[in-house]
Amino acid sequence: MPRRHIHVTGAAEAPLRAALRALRTELAIPEGFPPAVLAEAEAAAKAPRLPAHDATDLPFFTVDPPTSTDLDQAMHLARRADGGYRVHYAIADVAAFVTPGSALDAEAHRRALTLYFPDGRIPLHPAVLSEGAASLLPGEPRPALLWRIDLDAEGRRVATDVRRALVRSRAKLDYAGVQRQIDSGTAEEPLALLREIGRLREALEAERGGISLNVPEQEIVEQSPRGERGPDHTDVPSDPHDPTYSLAYRAPLPADGWNAQISLLTGMAAADLMTAAGTGILRTLPTAPDGAVARLRRSAEALGVPWPHHVSYADVVRAADPTNPRHAAFLQECTTLLRGAGYTVFTDGHVPTPAVHAAVADEYTHCTAPLRRLVDRYAGELCVAAVAGDEPPEWVRAALPALPDEMAAGSRRANAVERESVDIVEAALMRERVGEVFDAYVIDVKEREPSVGTVHLDDPAVVARIEGGATRLPLGEWLRVRLTEADPGAAKVLFAPA
């Protein structure tokens, strides 16, 4: 969900964790749910609205980070007799638990999104639902929206169906385990087909000019103060009141991308169903302006990422190696082209123009993460109605006009959490290094204050403000910079030209 994935571990009383707690207070982030919401969630968990269709015979599996318990999606993959493929994709049916107009529903509309902090998350729905009764946990029958998408031998979609069904996942898998099974040849066919289908869909994505950003996850790791080592050359246990931190990257595995392609496939299928029916909500993103792409080209040059003039932005991103720190920094900068994404509602049969998501390079919607994103519940309902030939439920139609603004407000809040969290984490990472000089490149310069801008360090991969000096900062060029301030409590890192 977040564009920049940062994970923090360590003692709850450490300064970094304390600063993150203070950020929750500053941004007025709700830590818990009102009693009425919790009571409704408890009651709904005990008595969901169950579907008539039983698909528990399909051996679904989920693929998520190992600690995740809010499992929105489960899949089963199979070959068809004609050489194509059948994708069964079960999506948690949140509407089976949430009654329109209830306190639980109103709270979800107020939150709009699950919020991700480096040390935890603030969920969209109470845990009794999001991590319990509505989650597609293994061995448990669950109400779901069951997508059946048939593909030809090249991975192109040839048929789509979605209906309510009772499903049961057989296995909770994680990305690393999936990758090991597939690479070693020990994966059974439903799982082994994830690579086959994923690669076909990636090839089709490249063909239509779409792009998926494989941005590495950053993990901030607590270390012993000032790097002290014990007699066995291991870290001495940290003083929780004065730890130091190091930055490590986790590059996405191929399995991450193959799994994402199944979600993209479903979002594109959902968009087609809604546009054909004349009522829907699309996720849209305008084409990046030339200036934004030119800025990225300067960043690529400064970072040493090859970008020949005849090569498109999409091809450069596909060629980037997320295990290379400089390429990882470039991929992080590429997320700026996702700014401007929003939701577009249509109810009169006239699909707005443009209706395409520029990164997907096709019409697309969000419908596969309803436990964590409000809009997905409504997109799912619209698709079920479209396939059945029914009018959308009145509660869905009534909510549609306000959804883009609600999601925009939720996104602004999520972006603030992400931005401020990154600042806090980077300040904690750098706080012992004030006065040191680093190699950096200048990624932004203020038009009216050319001596003020933003720099990206080569090592560690920190992005921060720079100010001072008598001359204009050299945009897109390397610069020696000195760290002048790093305060986690103030969420501030500041550099000056060295």
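**Reading rings and a helix**

A: Start with one residue. Phe495 is buried, with a relative accessible area of 0%. Keep in mind that this is a predicted model.

Q: Which ring pairs with Phe495, and in what geometry?
A: First the general idea. A pair of aromatic rings is described by the distance of the centres and the angle of the planes. Now the case here. The rings of Phe438 and Phe495 have centres 6.1 Å apart and planes at 90 degrees. Planes over 60 degrees apart count as edge-to-face, so this pair is edge-to-face.

Q: Where do Phe438 and Phe495 sit in the chain?
A: Phe438 is in strand S15 (residues 437-445), and Phe495 is in strand S19 (residues 492-497).

Q: Is Phe438 buried or exposed?
A: Buried means under 20% relative accessible area. Phe438 has 4%, so Phe438 counts as buried.

Q: How many aromatic pairs are there?
A: The count comes to 5. One of them joins Trp307 and Phe330. Their ring centres are 6.2 Å apart and their planes are at 75 degrees, so this pair is edge-to-face. Trp307 is in the loop between helix H8 (290-303) and helix H9 (313-319), while Phe330 is in helix H10 (residues 325-334). Those two residues are 23 apart in the chain. Trp307 is buried at 11% relative accessibility, and Phe330 is buried at 0%.

Q: Which residues form an aromatic cluster with Trp307?
A: Tyr313 and Phe330 form one cluster with Trp307.

Q: What charged residues lie over rings?
A: Take two cases. The charged end of Arg24 sits over the ring of Phe117, 4.1 Å from its centre. Arg111 lies over the face of Phe33, at 3.7 Å from the ring centre.

Q: Now a helix. What is the span of H2?
A: Helix H2 covers residues 35-46, which is 12 residues. From first C-alpha to last it reaches 17 Å, close to the 16 Å expected.

Q: Which residues of H2 are buried, and why are they on one side?
A: The general idea comes from the turn. An α-helix has 3.6 residues a turn, so residues three or four places apart point the same way. In H2, the buried residues are Val37, Ala41 and Ala44. They cover an arc of only 65 degrees around the axis, which puts them on the same side of H2.

Q: What covers those buried residues, and what is on the other side?
A: The cover includes helix H3 (103-111) and helix H4 (127-133). On the other side of H2, Pro35 and Lys46 are exposed.

Notes. Residues are numbered from 1 along each chain as its sequence is written. This is a predicted model: local features need pLDDT of at least 70, side-chain atom pairs count only at pLDDT 80 or more; totals for chains, interfaces and linings use all residues. Side-chain values use heavy atoms; hydrogens and water are left out. Helices (H or I, at least four residues) and strands (E, at least two) are DSSP runs, numbered from the N terminus. The expected span of a helix is 1.5 Å times one less than its number of residues. Buried means under 20% relative accessible area, exposed over 50%, partly exposed in between (1.4 Å probe, protein chains only). The arc is that of the directions from the helix axis to the C-beta atoms. Contact means heavy atoms within 4.5 Å. Rings of Phe, Tyr and Trp (its six-membered ring) pair if their centres lie within 6.5 Å; planes under 30 degrees apart count as stacked, over 60 as edge-to-face and the rest as tilted. A charge sits over a ring if NZ of Lys or CZ of Arg is within 6 Å of the ring centre and within 35 degrees of the ring normal.
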